Amino acid sequence: MTNLSLNRRHLLKAAAIGSVALASPAYLRRAHAAGGEVNIWTYNNFVPESFKKQFEADTGIKVNVRLVDDQGKQFNLLAAEQPNPTVDIMTVAGHRFLQFIDSDLLAPLDTGRLKNWGNINPTFSESDWSTIKDNKWGAPILSGMEVLSYNTDYVSAEEARTWDTLFSEKYANQTAYIIQDMMSIIMLKMGYDGNMVEYLDKPEEAARIVEEAKQFLIKHKPLVRKYYDGGAEIQQMFVNQDIVLGHSWNGPAAALINDGFPLDMTIPKEGSYGFVYTYNIAKNAPNADNAYLFLDAILSSPEIGAAMTKASGYISTYKDASNHLTDLEKKSTSFTDEELSTLQFFRAEANKMKYGLIDPAVEAIKAA
Amino acid sequence: MSYDAASARNERAASTLRQADRTFWGRLVNWSPYRAFAGLIGASPRRQFLILALFPILWVLTQHLGPMIQMVGVSFTDAYPVAAGKEQHLTLDNYARFFGDSIFWMPFFRTLFFAATFTFCTLILTYPVAYYLARHVSRKNQMLMLLLLLIPFWVGEIVRTYAIMILLGNTGAVNLLLRSIGLIDRPIPFMYTSFSMGMGIVYLTALYMLLPLYSALEKLPKSYNEAAADLGAGAWTRFRRVTLPLTIEGISSGCTLVFLIATGFYATPVLLGGPSTTVFAETIAGFFHVAGDEWPTGAAFATIMFVSALIVTVVFQRLMSALRKGDVK
């Protein structure tokens, strides 16, 4: 059964790659043979391989991808390289914009140079978080969220409707989560604002809430199997059956579902947080013209958006991208209206205060 | 006649020299800057030593000490990398943060404890292997055996760590074996515990212990043990009174290497450890992952770990030295 689904997936993947390759040249053939290179810092599978090859062949621009796995590391690398960065395009999560902008690391995005800007769903391209200081700072490409993933052989859909199951004795030592992300979710579960924007003028209240969330996680520490950091880790733990449920990002969970693993995910009734990955142009980017050409090319067709979803598991921000997904891929990247009604997006306004409180709390939880 | 033969020999030698002069090396030897350089080196043994040592010294300074000096320097600043429009100042706050907040002490002392425990386990596990290799394997086969032991080291640390995960996971080889022979019904949760982390560290550092032990044991003359046996000493007494004291140097070198490596491990504890095994390297890495001015704190914590590991090592070496001299029984 597993083999059958894997083969089918590979067949569908090959078909998708072919369709992307077919879809791209129509746009790229119009591009001038610019030459040179474009340097991109991004996550694994965020630049579809078929698109990259086609773009390089049609424009003569070499695409150099450096994989990143952490927004903070990316920030520090860019800060260290400024004012002469080696990167042209980087991948910033929408709620981290402010930090990059305040540190003068990003260039405002000139959407007038992107003929295909209109191919992005306006829910993402025109939302309030995407416009800061009257400028757009990035092109939304993929959307993600914090979900509760569970092995359907062991955990029922009903049990997964609440975050409480993650801390239940029944699944003791069969769970995993990212502590830093869980702090926001626990605050939300407790009825507080996990973005901490409400407490910007009440630092003592903010500190008390973080302390409450910290104590909750310390109390439940004996029940968790693993604090993890990256998507590949939780995939590994599910496959090895070291855990049966865990907090995760939807992308890695969707990738497992599409591989035929008995996994499902949900946004529990207490709610959760979403985020959007964007391609941004670094300030003083050495190949800014090539960067704009790359961005316009990657936004050119819904097939490319669908290919990014197939490879990463995250939800495409492109209009009509879902039309190019299989039923299983659609299922793994969609949620019910009831689930989505409790979803909020991460916000950046209170990040300095929030992480000033959360980072020491995380250390305390690990040390406890 | 003999004159003709000698003349021919001289002619052949001269011809060989002329041919040699036409080769690259021949031209190099006759090149005046090279001759001047060779003359400079050869002028005195002291100068010869200094010039020959120049490259290794430069290498150590730039590739080994350079980054560490840079790290210590960063640890005394309040901002690094310095963002546009900001100024960097000297401060001791990063060190004060460690000593002023007890939440950092637990991973720090846990690291020292784990490193010492795993070093001891590595010693206990590898000593018999080194002993067998040095004392019971024929000299002809020793290199082959060493090569076989080296095979796992042909691949990187991460790959070997994943190999441990494949072995110890709930669906891993060990649990499958135990289930197939009917010893267990449910998998034993080996992974994400201090056991899995310890097994990974012992596996990854075993060779650093094995080689000094093998070297010390291999140098030990067999006649010493034979003499002890002739005097009536049993196997255990021979080991305790002869072999062990004479391999203290190997034990000391191996333990020092493994302890220092174990204090700095990051990927293995992250991948194999659990919620209660957080080590100091993870705490330090946390500061480098956080966006902002946290690198100096990470650098200060790394310096504290480095200095502490050195202090423990010096104390251990002193103890070993005293044992060697017989001051400690």
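## Close-up views

**In chain A, the loop between β4 and β5 holds A:D134.** The structure shown in these views is a predicted model. A:K133 also has its place in this loop, which runs between β4 (131–132) and β5 (135–136) of chain A. The backbone angle phi is near 65 degrees at A:D134, a positive value in a residue other than glycine. At A:K133, likewise not a glycine, phi is positive as well, near 55 degrees. A:D134 counts as exposed because it has 6 C-beta neighbours inside 10 Å. A:K133 has 9 such neighbours inside 10 Å and therefore also counts as exposed.

**The peptide bond from A:Q82 to A:P83 is in the cis form.** The angle omega of this bond is near 10 degrees. A:P83 belongs to the loop between α3 and β3 (89–93) of chain A.

**A:A160 sits in the loop between β6 and β7 of chain A.** The elements on either side of this loop are β6 (139–151) and β7 (175–177). A residue is buried if 20 or more other C-beta atoms lie within 10 Å of its own. A:A160 has 21 other C-beta atoms within 10 Å, so it is buried. Leaving aside residues up to four places away in sequence, A:A160 touches A:L148, A:Y150, A:V155, A:T165, A:L245 and A:T266. A:T266 is 106 residues from A:A160 along the chain, yet their C-alpha atoms are separated by 7.0 Å.

**Helix α7 of chain A comprises residues 203–219.** At 1.5 Å a residue, the 17 residues of this helix should span 24 Å, and its end C-alpha atoms are 24 Å apart, which agrees. The buried residues of α7(A) are A:A206, A:I209, A:V210, A:A213, A:K214 and A:L217. Seen down the helix axis, the buried residues of α7(A) fall within an arc of 135 degrees, so they line one face of the helix. An α-helix has 3.6 residues a turn, so residues three or four places apart point the same way. On the other side of α7(A), A:E204 and A:K219 are exposed. Among the elements that cover the buried residues of α7(A) are α6 (179–189) and α14 of chain A.

**Chain A is assigned two domains, which are in contact.** Domain 1 is made of residues 2–143 + 275–326, and domain 2 of residues 144–274 + 332–367. The C-alpha centres of domain 1 and domain 2 of chain A lie 27 Å apart. Domain 1 of chain A gives 21 residues to the contact and domain 2 of chain A gives 20 residues. On the side of domain 1 that touches domain 2, α1 (2–28), α4 (97–102), β6, β11 (272–281) and α11 (302–312) of chain A each supply at least two residues. α1(A) gives the most to this side of domain 1, with four residues. By class, this side of domain 1 has 10 nonpolar, eight polar and three charged residues.

**The largest nonpolar core contains 106 residues.** Among its members, A:I89, A:I179, A:M183, A:L245, A:F294 and A:L295 touch the most other members. Both domain 1 and domain 2 of chain A give residues to this core, so it lies between them. A:F294 touches A:V38, A:F55 and A:I89, when residues up to four places away in sequence are not counted. A second, separate core has 47 residues, including B:M209, B:L210, B:A281 and B:A299. In soluble globular proteins, nonpolar side chains tend to be buried together.

**Chain A and chain B are in contact.** The contact takes 29 residues from chain A and 25 residues from chain B. On the side of chain A that touches chain B, α3 (71–81), β8 (226–227) and α14 (351–367) of chain A each supply at least two residues. α3(A) gives the most to this side of chain A, with seven residues. By class, this side of chain A has nine nonpolar, 10 polar and 10 charged residues.

**Helix α16 of chain B comprises residues 295–325.** This helix has 31 residues and reaches 45 Å from its first C-alpha to its last, close to the 45 Å expected at 1.5 Å a residue. Its buried residues include B:W295, B:F301, B:M305 and B:A309. The elements that cover the buried residues of α16(B) include α3 of chain A, together with α4 (45–75), α5 (93–100), α13 (248–264) and α15 (280–289) of chain B. Just after α16(B), B:G326 takes a positive phi of about 85 degrees.

Technical notes:
Residues are numbered from 1 along each chain as its sequence is written. Chains are lettered from A and ligands numbered from 1 in the order in which they are written. This is a predicted model: local features need pLDDT of at least 70, side-chain atom pairs count only at pLDDT 80 or more; totals for chains, interfaces and linings use all residues. A nonpolar core is a set of buried Ala, Val, Leu, Ile, Met, Phe, Trp, Tyr and Cys residues joined through C-beta atoms within 7 Å. A residue is buried if 20 or more other C-beta atoms lie within 10 Å of its own, exposed if 12 or fewer, and partly exposed in between; C-beta atoms are placed from the backbone. Domain bounds come from an automatic or database domain assignment. Two residues are in contact if their C-beta atoms, placed from the backbone, lie within 7 Å. Ala, Val, Leu, Ile, Met, Phe, Trp, Tyr, Cys and Pro count as nonpolar, Asp, Glu, Lys and Arg as charged, and the others, Gly among them, as polar. The expected span of a helix is 1.5 Å times one less than its number of residues. The arc is that of the directions from the helix axis to the C-beta atoms.
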